[in-house]
Amino acid sequence: MKKSRSTARRLTLTMITIFGVVGVFTGRLVDLQVVQSAALTKLAIENRSSTVTTYGTRGAIVDTNGAVLADSVDRFDITASPKVMLSVYKTPALLTSALTKISAVTGSSTTDLVAAINQNPKSDFAYLVKSVTLDVFDAVQKLKISGVAWEPHPARSYPNGAIAGNLLGFIGTDGPQAGIELMNNSCLASTNGQSTYEKSRDGTRIPGSTVKQTDPKNGGTVKLTIDHDLQYDVQQAIIAQAKKIGAPWATAVVERVKDGHLLAVADYPTVDPNNVSGAKRTALGSLAFSTPYEPGSTFKAMSAASLIDAGKITPTTRIVVPPVYTKGLPAGQYIKDSFVHGTLHYTTAGVLENSSNIGISVLSEQMGAQERHDYMAKFGVGSKTAVDFGAEQSAGYLSPANTWDPITNRTVEFGQGVSATSVQVAQIFETLANHGVREPSTLVEGCYHSDGTVTDKPTTKPVRVISQQAADETVKMLETVVTGGPISDLLKIPGYRVAAKTGTAQVASTNGSGYTNKYIISVAGIAPAEDPQYVVVVTFGPSTMGSSAFAAPAFKKVMTEVLTRYRVEPSTKRAPFVQTMW
Amino acid sequence: MSSNLAVALPVSRPRERAEEQHPRRVHLVSTRTRRLARPKIGYAIIVTAVIFGIFMAQLLLSIALSGGAYRIGSLQGEQRDLARVASALNEKLQTVGSTQNLAANARELGMVSDSSPAFLRASDGKVLGAAAVAAHGSSSSGRSANGATGSVPNSLLTDVPLVKTSTSGHGDANAGNSSNGATESSAGTPTNVGSSETVVAGSGDLPSPTTH
């Protein structure tokens, strides 16, 4: 009994021990196979597999006809393993001769290459030549030099160089830096993909072993409203004229009346995005969007249109224009015209034809400051255009009416004491040309994705600013500037009826006291006047040329180009007679 | 009982049994092999063959698969290379198709842009607008021959030469073009040129589009 009891006890003990050990092993087994299973499997797969990044391509920027303005291109960085190279080419002479072969095809200096290898002899990685084209890359590969490798280096190319360069922006080492490249980055940017699979020793994928794969997503194509051939001609026209008159900068805007599409937005100085380092820092953006200026007399068209819309005046309202305007101004201050005259008898049309500051001041007495301010705001002065040009776009400057001093109260009517960008001025004339309805200015038609969807379409809606009658009558009055104004001969385009307004604005001195002897000159025009289709605004930065006659040749050239390019049929009727004097 | 049994059996029965059993044993063995051993070998052969077959099939399949993997690998490599070539060629095409390059080549051929727009309406042959002879502008003022520099530069064109058919032919084409333009305008549309002159000289009238 005693013996059997101790046996039983031992047996129990053994059993317990065995169960205990088995339990521990089972527990561990469950832990490994069930609890940690997923994590361990993942680890195991990671050990066996490698992850490869697959690159998407950044989208292109094209013009309205599909011509490529910016595109992604393949470039390659030639790299090397100094450790391998130095072990293969044991003497400096051998190394130099191997590297000379590379420098011969890449055009880089052998000394630099040798230095790159010797900089860190134990390293496994060094850049030899960066960003070479496929031809060069192929040539380097054919040399079959031990220790030389490569990596892809996606780059950006602008096939049309400086055409619309100021609008496109460019890509720096940290990504898009300006212009469309930056504003529309969310459309253009690609998403890199990844594929993880198990690899054999020679690097070939083991069949059926793809663990996970995310496809790369190519960026969308941004389509601009710009016509790049027109843009080229417009850029040439303003650059030639700017150089001729010594203007430090110039802009030109061509806008289609029916939909507000900007067909050309030219800036001088220009930048070739392929060669950003060759351009001045100030030349990188688009002045037409970024730089407001006192527009001068081109604003008179808007002032007259507002007064007509409010029912205060008509095109034939008769006024007496004194030699100087002093009404309501503090003693000693006066407003004068660009030409000396005695007392004149103008109609509203005559005020515009001869661009009389005094005349528009007299007319503006008909309406209160706040109301005139509100009309300007309605025309878009002081607020950014609908174009999404981000922080680069300026809203211009329109101060509240209650801050206007007596002289500003009048000068705003002829575009001094107020500022606007070229695109804003174009927008004002588009509204006049489009029978009083502003079609918001548009630069991007949309973002076209590879799956056929289109995003980033302009969502803005047309806005009625003034009545059709007021707009049409203003355009009719502006025709007198081209048929009989002081520089009409420079503005006339044979065969076409053109309505235009010139602007010569003395530049305010930077210290805030008075004006310098420099002028910003501009011409804003509409053609054909009987059925407005295109608006052209050319502006030349401060020069000593104090007459818009120096801007007129560029305007004529650009407008002629626009009318020819878009096959606008010549006018068949003469401009109607508009009474300008009495 | 026991002695009787002990004597009788060992002598007679083994013989009898041996005699009897011998043919029986042969029979039994043969029937056993038929019943048991033969089917076993058959199974073994079948199983072995099947297993062998499976292994072979798996091996072949695996060879085929990895062959496919290598083929996929090489084809993907080829596709990548070809895509690169296509992209590089496209890049070159875009560069030579750039406006600067086309304009430079057009200038080289003696082409000029007309600053006075006019249209010939096909339906009734009317000339709309004021046609004038295009002025032969200065061909390369302020810009390099190929458009790489100049007012609207394109640095991609730095190493792109102009397209030239032949040096002599190019000169002829240039001369021929300008003289051609002159004869055409003087002989072909005299009234038209006249009308444009009156307009430019300027009473402010539109050109009368009556020329036929």
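A:K144 is exposed, with a relative accessible area of 70%. Here exposed means over 50% relative accessible area, buried under 20%, and partly exposed in between, with a 1.4 Å probe and protein chains only. The model is predicted; local features need pLDDT of at least 70, side-chain atom pairs count only at pLDDT 80 or more, and totals for chains, interfaces and linings use all residues. Residues are numbered from 1 along each chain as its sequence is written, chains are lettered from A in the order in which they are written, and side-chain values use heavy atoms, with hydrogens and water left out.

Phi of A:K144 is near 50°, a positive value in a residue other than glycine. A:K144 sits in the loop between α6 (134–143) and β6 (148–152) of chain A. Helices (H or I, at least four residues) and strands (E, at least two) are DSSP runs, numbered from the N terminus. A:S131 also has a positive phi, about 55°, and is not a glycine. This serine belongs to strand β5 (residues 126–132) of chain A. A:S131 is partly exposed, at a relative accessible area of 35%.

Two cis peptide bonds are described next. One runs from A:Y268 to A:P269, with omega near 5°. A:P269 lies in the loop between β14 (262–268) and α11 (287–290) of chain A. Another joins A:A527 and A:P528, with omega about -15°. A:P528 is placed in the loop between β22 (515–527) and β23 (534–543) of chain A. Most residues other than glycine have a negative phi, and most peptide bonds are trans.

Chains A and B meet in a contact (heavy atoms within 4.5 Å). Chain A contributes 48 residues and chain B 38 residues. The area buried between them is about 3,400 Å², with 60% from carbon and sulfur atoms. Buried area is the accessible area (1.4 Å probe) that two parts lose on being put together, summed over both. A:P159, A:Y232 and A:P494 supply 16% of the area that chain A buries against chain B, more than any other three residues.

Two salt bridges are counted between chain A and chain B. Each is a side-chain nitrogen of Lys or Arg within 4 Å of a carboxyl oxygen of Asp or Glu. B:K92 forms a salt bridge with A:D135, with the closest N and O atoms 3.1 Å apart. On the side of chain A that touches chain B, β3 (68–73), α6, α10 (228–245) and α20 (552–565) each supply at least two residues. α10(A) gives the most, with seven residues.
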